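Subject: Structure for you to look at

Hello,

I am passing on the structure we spoke about. Please look through it first; my notes follow below.

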Amino acid sequence: MKRKTSLIISFLVLAFLVVFGSIKGTDFFSGQSAAQAAPALKLHFLDVGQADCILAQLPNGQIMLIDAGNNDDVSTIITYLKKQNVKKINYLVATHPHEDHIGSMDSVIRSFQIGKVYMPKATTTTKTFKDLLLAIKAKNLKINTAKAGTVILNQGNLKINFVAPCGSNYDDLNNWSAVTRIQYGNNSFLLTGDAEALSEQEILSSGANLKANVLKVGYHGSSSSTSPAFLKAVAPKYAVISMGTGNKYGHPHKVTLTKLTNAKVQVYRTDQDGTIIAASDGKNITIKKLGSTIKPRAPNTGNTIAPAVPVAPTPSSKNYIGNKNSKKFHLPSCSTLPAEQNRVYFKTREEAIKAGYVPCKVCKP
Ligand SMILES: [Zn+2]
Ligand SMILES: [Zn+2]
């Protein structure tokens, strides 16, 4: 009986050693292999429909989030970040105060530890923007100004800086967009928010280094961004367009796609490819399409299939007012109409779009 007991004990001890030993072995092995691989930079262009949200996992282990989709993307974004094991967002960038960029940022701030917040010195009166400011205030966070020349991080072969906004006065919130450049070893990324031709021109004039292997195409592929000189200076190999299917802006515009194709840029689109992940080891970039793993389909936020805009019952030739400078068109009732001398009139919506004008985001004509 005594002998049997000691045999059982010996067996248990042996079994314990085998199990424990093998666990230790696995830990040891995986720890070693992880140390051998070059730490990667990973950029996730989340499929948030007609909006922007870019998660950057930096090679130093830190996290950066640029924009946070629309108001109704809260669960998509938070679920995705948690799945990536994000606990703290070291650098949070709100490129500009349009809803499709800051919509869920208040909830993101409440859901994660937040390091530094960067925003351009632009304001708007929307509830979405107020919600963001309240969330920032509630956590006692400070707002750092996002502007050209500001360096976010400069550590070894990793450098992150803003190349825009260059100025301090813009009619259009899009041109306030914080434009971020990430350089990791020989690879670089340019994330342009909704910056349009005017800002692109200023960035070019500033002489900043714009070269990038991957370009996040400005303003969801609108024809008012990606001007030829800018595209030439960036000279990307890959382009990512963040947008939703059937959006009412007609993004991405055909001219933009043609420009990219002619420049032999490989284009990825969140409406077709779902979330897109670009990974870099500092030498090479690999791009992965997640398809529709987050949502069955990119939401068509901004696609309100407006039942033929209620216009004046007697059709006049001044139903839509275009801005010669910004190439946007408005309803005559819009609060952001251009000065008289900069106006051009259209009879129909189609006429305005044909002329290369895009709908104003305020009056949504
Ligand atoms: Zn936008
Ligand atoms: Zn915008």
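Which residue in β9 does Ile-160 stand opposite? In this predicted model, the residue in β9 that faces Ile-160 is Ile-182.

Strand β8 (residues 158–164) pairs with strand β9 (residues 179–184) in the antiparallel sense, over 6 bridges. β8 also pairs with strand β7 (residues 151–155), again in the antiparallel sense, over 4 bridges. There, Ile-160 of β8 has Leu-153 standing opposite. β7 and β8 form a hairpin with 2 residues between the strands, and Gly-156 in this hairpin takes a positive phi near 60°.

These strands belong to an open sheet of 7 strands, in the order β7-β8-β9-β10-β11-β12-β13 and with mixed pairing. At its edges are β7 and β13 (266–269), each of which pairs on one side only. On average, neighbouring strands of this sheet are turned by 20° against each other, direction ignored.

Further along the sheet, strand β10 (residues 187–191) and strand β11 (residues 214–216) pair in the parallel sense over 3 bridges. Opposite Phe-189 stands Val-214 in β11. Helix α6 (residues 197–206) packs on the sheet and touches β8 and β9; the direction of α6 makes about 120° with that of β8.

There is also an open sheet of 8 strands, ordered β6-β5-β4-β3-β2-β1-β14-β15, and its pairing is mixed. β6 (143–145) and β15 (285–289) each have a single partner strand and stand at the edges, so one side of each is left without a neighbour in the sheet. Neighbouring strands of this sheet, too, are turned by 20° against each other on average, direction ignored.

Leu-55 has Leu-65 in β3 as its bridge partner.

Some totals for the whole chain: the protein has 10 helices and 19 strands. Of its 365 residues, 44% count as buried. Among contacts between residues at least 6 apart in sequence, 68% join residues at least 24 apart.

Regards

How values were computed:
Residues numbered from 1 in each chain as written. Chains lettered and ligands numbered in written order. Predicted model: local features only at pLDDT ≥ 70, side-chain atom pairs only at ≥ 80, totals over all residues. Pairing = 2+ DSSP bridges. Axes fitted to C-alpha atoms, helices over the stretch in contact; angles between N-to-C directions. Buried ≥ 20, exposed ≤ 12 C-beta atoms within 10 Å, placed from the backbone. Contact = placed C-beta atoms within 7 Å.
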